[in-house]
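Here is a friendly walk through one protein model, written for someone who likes to know how each term was computed. Please keep the viewer open as you read.

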Amino acid sequence: MVGHSEGGTAAIIAASKAQASNFLVLLATPGVLGPEVIVRQTLDISRLKTNDPKILAGVEQRQRALLNIVQQISDNKHARARLIPAMIPPIPLPPEQAAQMQKLAENKADMMTTPAYRYMLEDNPPKNLRTIKCPVLALNGSKDLLVAAEPNLKSIEKALKTGGNRDVTVRELSGLNHLFQTAPTGAVTEYEGLTETFSPTALQALGDWIVQRTK
């Protein structure tokens, strides 16, 4: 089985239950708890605009507060009622800007209360990975801003080995974004303009590893 990003999350669940899995390849797949994936994602994207420690600390505090609301309030209507005002700055704004801010907050609140988002917050990769015994390859790009390579690869490797898996390979591939394209910064806005569909380096790493385990 091979899974990318949330597809990797699904593949982990499937591999933990299926006895017939010959191998598992995780591409840019979360390896840490759901909330930590989202917080790191928010910070990495924010770092494209600023490296000011105070601003980044504020970004993290705000994101964690929003996630806490979703996790603590299961009723979507009540959760949205808390989320929307928490996302709007408590300062007077011109009517047009205020309306735009309100709409953006409503859209984000709707997204954060979907079943998929709630499922992601509850995701526990370390627990699920400890049950997987088949060979596992985990690849991430160094410029992945959605699933940061270092913490997620480290967590994947630790969980698998803790569970007794003896065939674990993790690799961080230099210069690649979340879609395994060679990218300037890794920003999501770059995706559409890149002509590379999938890095030859990543394809080689993936292909060589699978061939070695399926001879």
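## Overall layout

The protein chain holds nine helices and four strands, where helices (H or I, at least four residues) and strands (E, at least two) are DSSP runs numbered from the N terminus. Read from the N terminus, the elements follow the order β-α-β-α-α-α-α-α-α-β-α-β-α. Along the principal axes, the C-alpha atoms fill a box of roughly 65 × 40 × 30 Å.

This is a predicted model, in which local features need pLDDT of at least 70 and side-chain atom pairs count only at pLDDT 80 or more, while totals for chains, interfaces and linings use all residues. Residues are numbered from 1 along each chain as its sequence is written, and side-chain values use heavy atoms, with hydrogens and water left out.

## H2 against H3

Let us start with helix H2 (residues 34–46) and helix H3 (residues 53–72), whose axes come within 10 Å and cross at roughly 150°. H2 is therefore roughly antiparallel to H3. Axes here are lines fitted to C-alpha atoms, for helices over the stretch in contact, and angles run from 0 to 180 degrees between N-to-C directions. Angles under 35 degrees count as roughly parallel, over 145 as roughly antiparallel, 65 to 115 as roughly perpendicular and the rest as oblique.

The crossing of H2 and H3 is right-handed, meaning that the near helix is turned clockwise from the far one by less than a right angle. On the H2 side, the contact (heavy atoms within 4.5 Å) uses Pro35, Glu36, Ile38, Val39, Thr42, Leu43 and Ser46. H3 contributes Leu56, Val59, Glu60, Gln63, Arg64, Leu67 and Gln71. Sorted by class, this contact has seven nonpolar, four polar and three charged residues; Ala, Val, Leu, Ile, Met, Phe, Trp, Tyr, Cys and Pro count as nonpolar, Asp, Glu, Lys and Arg as charged, and the others, Gly among them, as polar.

The axes of H3 and H6 come within 11 Å and cross at roughly 105°, so H3 is roughly perpendicular to H6. Here Gln63, Leu67, Val70 and Gln71 of H3 meet Tyr117, Arg118, Leu121 and Glu122 of H6. This contact comprises four nonpolar, two polar and two charged residues.

Helix H4 (residues 76–87) and H5 have axes that come within 9 Å and cross at roughly 140°, which means that H4 is oblique to H5. H4 passes H5 in a right-handed crossing. Arg80, Leu83, Ile84 and Met87 of H4 make the contact with H5 residues including Met101, Ala105 and Ala109.

## Pockets

Which residues lie nearest the centre of the largest pocket? They are Ile38, Gln41, Met111, Tyr117 and Met120, out of 27 lining residues. A pocket is an open set of points on a 1 Å grid over the protein atoms alone, where a 1.4 Å probe fits, with protein on both sides within 12 Å along at least five of seven lines; lining residues have an atom within 4 Å of a point. The largest pocket contains about 610 Å³ of space, the volume being that filled by probe spheres set on the points, which are joined across faces, edges and corners.

Helix H1 (6–17), H2, H3, helix H5 (95–112) and helix H6 (115–122) each supply at least two residues of this lining. H2 gives the largest share, six residues. By class, the lining divides into 16 nonpolar, seven polar and four charged residues.

The second largest pocket holds about 150 Å³ of space, and Ile45, Ser46, Leu48 and Lys49 line it.
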